[in-house]
Every structure is written in structure tokens, then in C-alpha cells.
Amino acid sequence: ARLADAAGVNPETGDLPVRVAAALGGVTIIAKGAVDVITDGTATIRCGEPGGSKRCGGLGDLLSGGLAPLWAHALRAGRDDDDDTIDGLPRKLWAGYAASCAARRA
């Protein structure tokens, strides 16, 4: 909600991560929750991968640590061709989805 407030987005309505990402100019947001939301404000992937019933602290650290090399690989792979998408969605969102799945399974 703090990021939404800073972006001038009403946190009480609609799909908050999507609206915040759009308001911030298309940054990619990974919002953890019962279903993780990975969005850049125009495209969205949701990760409902089952996880442990008791999730431990530090999973955000695992998520960001896993995301960095996946994102770098996605950006590099997209540089080699004209299509920056996989199945119509940006590679950076798929990198976020993979990191989200790994963190949820940890």
C-alpha cells in the first residue's frame, strides 16, 4: 500500500500490482501473496504454484536472488532476436514467474 500511495494509486480498487506498475511507467513488480502476481502494467502472469503450508522468513531474499540470473538470461536471450516475448508475454515476466515458482517450492 505504501508504494501505491507513493505512485498516486488508490489501493482500495482493482488489481493493485498492475495499476502500480503502470503508474510507475511499466516497471516490473512481483507481488507475493496466495497467488503471486508478476506484472509490468500491461502484461501479467500469476503464479499459484503450491508451496509449503508454513512459509519461512527470507523467501523474498530467495526470490530476488533467483530472479537476478534468470532476468539477466532473459534479457540476453531477447537481445539475440527481434522477439522479446515467449508465448506473447515479455521474457522478463517469465523470469519473474520462474523465480516465484522456485521461492514457493523452497
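The chain folds into 4 helices and 5 strands, where helices (H or I, at least four residues) and strands (E, at least two) are DSSP runs numbered from the N terminus. This is a predicted model, so local features need pLDDT of at least 70 and side-chain atom pairs count only at pLDDT 80 or more, while totals for chains, interfaces and linings use all residues. Residues are numbered from 1 along each chain as its sequence is written, and side-chain values use heavy atoms, with hydrogens and water left out.

**Overall build**

- Going along the sequence, the elements run α-α-β-β-β-α-β-β-α.
- Along the principal axes, the C-alpha atoms fill a box of roughly 40 × 35 × 20 Å.
- Of the 106 residues, 30% count as buried (buried is under 20% relative accessible area, exposed is over 50%, partly exposed is in between, with a 1.4 Å probe and protein chains only).
- Among contacts with a separation of 6 or more, 49% are between residues 24 or more positions apart; contact here means heavy atoms within 4.5 Å.

**Asp 36 and its partners**

- Asp 36 sits in strand β2 (residues 36-39) and is buried, because its relative accessible area is 2%.
- Its side chain makes a polar contact with the side chain of Ser 100 at 2.6 Å (a pair of N or O atoms within 3.5 Å; within protein, one must be able to donate a hydrogen and the other to accept it, and residues adjacent in sequence count only if both atoms are side-chain atoms).
- Asp 36 and Arg 104 also meet in a salt bridge (3.0 Å, N to O), meaning a side-chain nitrogen of Lys or Arg within 4 Å of a carboxyl oxygen of Asp or Glu.
- That pair links distant parts of the chain, with Asp 36 in strand β2 and Arg 104 in helix α4 (residues 91-105), 68 residues apart.
- Both Asp 36 and Arg 104 are buried.
- Leaving aside neighbours within four places in sequence, the contacts of Asp 36 include Ala 31, Ile 45, Arg 46 and Cys 47.

**Other salt bridges**

- The count of salt bridges comes to 5.
- One of them joins the side chains of Arg 105 and Glu 49 (2.4 Å, N to O).
- Arg 105 lies in helix α4 and Glu 49 in the loop between β3 (44-47) and α3, so this pair ties together parts 56 residues apart in sequence.
- Arg 105 counts as exposed at 60% relative accessibility, whereas Glu 49 is buried at 16%.
- Asp 84 forms a salt bridge with Arg 91, their closest N and O atoms being 3.9 Å apart.
- Asp 84 is partly exposed at 39%, while Arg 91 counts as buried at 12%.

**Surface and Trp 71**

- The chain exposes about 6300 Å², with carbon and sulfur atoms supplying 55% of it; accessible areas come from the Shrake-Rupley method with a 1.4 Å probe, and for residues only the protein chains shown count as cover.
- Leu 3, in helix α1 (residues 2-7), is partly exposed at 48% relative accessibility.
- Trp 71, in helix α3 (residues 59-79), counts as partly exposed at 24%.
- Beyond its neighbours within four places in sequence, Trp 71 is in contact with Thr 28, Lys 92 and Ala 95.
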